[in-house]
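Visitor: Please take me through this model feature by feature. For each, start with how to read it.

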Amino acid sequence: MKVSASMESLWQYIQSLSLSNRNREWLADKLLEGTGRRQVKEEEETEYISKEEVLAMIDSGLREVKLTHEGKLKSKSAWEFLNEL
């Protein structure tokens, strides 16, 4: 009972703080350390691109190069290209 009351007091204190989103994320990560849930969270955030998506992107890029060489598409400057990244 005493532990429960202490945890409730701690929770009320944390809620009373004016925390930025970054600080809230930091606090959440600290609370999850050692529980194994952080590792699961990081694995869930990992994004994979399928083989078909990679091939489609390559195909699209090669079509753009071909159209540029044929004069049907205006080429981009290096700065424009880098700004897309």
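**Pockets, a helix and salt bridges**

Guide: Helix 4 (51-69) and helix 5 (78-84) each supply at least two residues to the lining of the largest pocket. The model is predicted, so local features need pLDDT of at least 70 and side-chain atom pairs pLDDT 80 or more, while totals for chains, interfaces and linings use all residues. Residues are numbered from 1 along each chain as its sequence is written, and side-chain values use heavy atoms, with hydrogens and water left out.

Visitor: What counts as a pocket?

Guide: On a 1 Å grid over the protein atoms alone, a pocket is an open set of points with protein on both sides within 12 Å along at least five of seven lines; lining residues have an atom within 4 Å of a point. A volume is the space filled by probe spheres set on the points, which are joined across faces, edges and corners. Here the largest pocket has a volume of about 230 Å³.

Visitor: Which helix gives the most to the lining of the largest pocket?

Guide: Helices are DSSP runs (H or I, at least four residues), numbered from the N terminus. Helix 4 gives the most, with four residues. Among the lining residues are Gly 61, Glu 64, Lys 74 and Phe 81.

Visitor: How do the residues of that lining divide by class?

Guide: Ala, Val, Leu, Ile, Met, Phe, Trp, Tyr, Cys and Pro count as nonpolar, Asp, Glu, Lys and Arg as charged, and the others, Gly among them, as polar. The lining of the largest pocket has three nonpolar, three polar and four charged residues. The second largest pocket, with a volume of about 170 Å³, is lined by seven nonpolar, one polar and one charged residues. Helix 2 (21-32) is one of its contributors and gives the most, four residues.

Visitor: What should helix 4 span?

Guide: The expected span is 1.5 Å times one less than the number of residues. For the 19 residues of helix 4 that is 27 Å, and the end C-alpha atoms are 27 Å apart, which agrees.

Visitor: How many salt bridges does the structure hold?

Guide: Side chains of opposite charge can pair when their charged atoms come close. A salt bridge is a side-chain nitrogen of Lys or Arg within 4 Å of a carboxyl oxygen of Asp or Glu. The structure holds two. Asp 59 pairs with Arg 63, the closest N and O atoms being 2.8 Å apart; both lie in helix 4, four residues apart, about one turn of the helix. Lys 72 and Glu 70 form the other, at 3.4 Å, N to O.

Visitor: Is Arg 63 buried or exposed?

Guide: Buried means under 20% relative accessible area, exposed over 50%, partly exposed in between (1.4 Å probe, protein chains only). Arg 63 is exposed at 53%, whereas Asp 59 is partly exposed at 36%.

Notes. On a 1 Å grid over the protein atoms alone, a cavity is a set of points where a 1.4 Å probe fits but cannot get out, and a pocket is an open set with protein on both sides within 12 Å along at least five of seven lines; lining residues have an atom within 4 Å of a point.
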